[in-house]
Structures are given as structure tokens and as C-alpha cells.
Amino acid sequence: MSLVLSSIGVAFMVPSVVSILGTSRFMFLYFGGGIAGNVLHASMPLLTNGRVSDSRNFGSIGPLTSLFAWFAFTYPTLTVQIFGIVPVPAGLLGLAYTGHEFYKLMHYGVQSDSGSSIGTALYGVIFSILTRRF
């Protein structure tokens, strides 16, 4: 299911992001986000003294999360439609997603996707800061 949702997200997001960033910077964001998420995910047992239920579960949504985090941080006032119906500012949706991940981390402890979700979102925000045109 994750692969299907990732494919749909890629089909909708990639053309816009590539037209803004260009191919090489897009590839750096996409693959770098996947690598950052996997590195942080793999290091979660070290950061939490081994309290991770499944440290081998990476998922395919990580690079897409970095794309959305970049988009939400770069263009926070642009509207994103949830399920194609509900309009929400991208920045608000990005904050809600990140807040939800930190909420899960604080209240339910480290889960199998904690490191990759937080790592890819942070990578997208850092990439946005580093590539921002002032």
C-alpha cells in the first residue's frame, strides 16, 4: 500500500518540483531525503538504547516526505488539497505532520518509522534553507 501511495504522490508532486529545482537538485533532494531518513532510522536503536520494535522497516514514503517538507517550508502559503477536497496551507499541513510525528514519538515511544519520518522531514527543511534564494 505504501508503494501505491508513494507512486501517486510522485506522479502529482515531481513535475512541479522538477520545474522549480531542476533535475539535478531534485535528484539530490529526493535521494538525499531517502538516505537521510534511512540513516536516522538505522541509528534509532543507538539513540534509544535499543528500544525500537523493528529497525529494519524503512518504507518507500521517505523521499516523498522530504519533497513535501521542502515544498511546505519553501512555499508555506500555497494551498494543498487534502483528498482533492479540503484546502489547507502547505505550511500548516507540514507543521501538522511533523507535530504528529513528534507526538507519536513522545507518547508512544519509538516506533518502526520514527527515525525515517523525522529524518526525511528535517532533510527537506534543511534543503529548503540551503537552496533558498534571498
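**Reading a buried serine and its helix**

Tutor: Ser66 is buried, with a relative accessible area of 0%; buried means under 20%, exposed over 50% and partly exposed in between, with a 1.4 Å probe and protein chains only. Please note that this is a predicted model, in which local features need pLDDT of at least 70, side-chain atom pairs count only at pLDDT 80 or more, and totals for chains, interfaces and linings use all residues. Residues are numbered from 1 along each chain as its sequence is written, and side-chain values use heavy atoms, leaving out hydrogens and water.

Student: In which helix is Ser66 found?

Tutor: Helices are DSSP runs of H or I with at least four residues, and they are numbered from the N terminus. Ser66 lies in helix H3, which covers residues 62-74.

Student: How many residues of H3 are buried?

Tutor: Of its 13 residues, 11 are buried, and H3 is thus mostly covered. Among them are Leu64, Thr65, Phe68 and Trp70.

Student: What does Ser66 touch?

Tutor: Contact means heavy atoms within 4.5 Å. Leaving aside residues up to four places away in sequence, Ser66 touches Leu29, Tyr30, Gly33, Thr120, Tyr123 and Gly124.

Student: Is Ser117 buried or exposed?

Tutor: Ser117 is buried, with a relative accessible area of 7%.

Note on methods
Helices (H or I, at least four residues) and strands (E, at least two) are DSSP runs, numbered from the N terminus. The expected span of a helix is 1.5 Å times one less than its number of residues.
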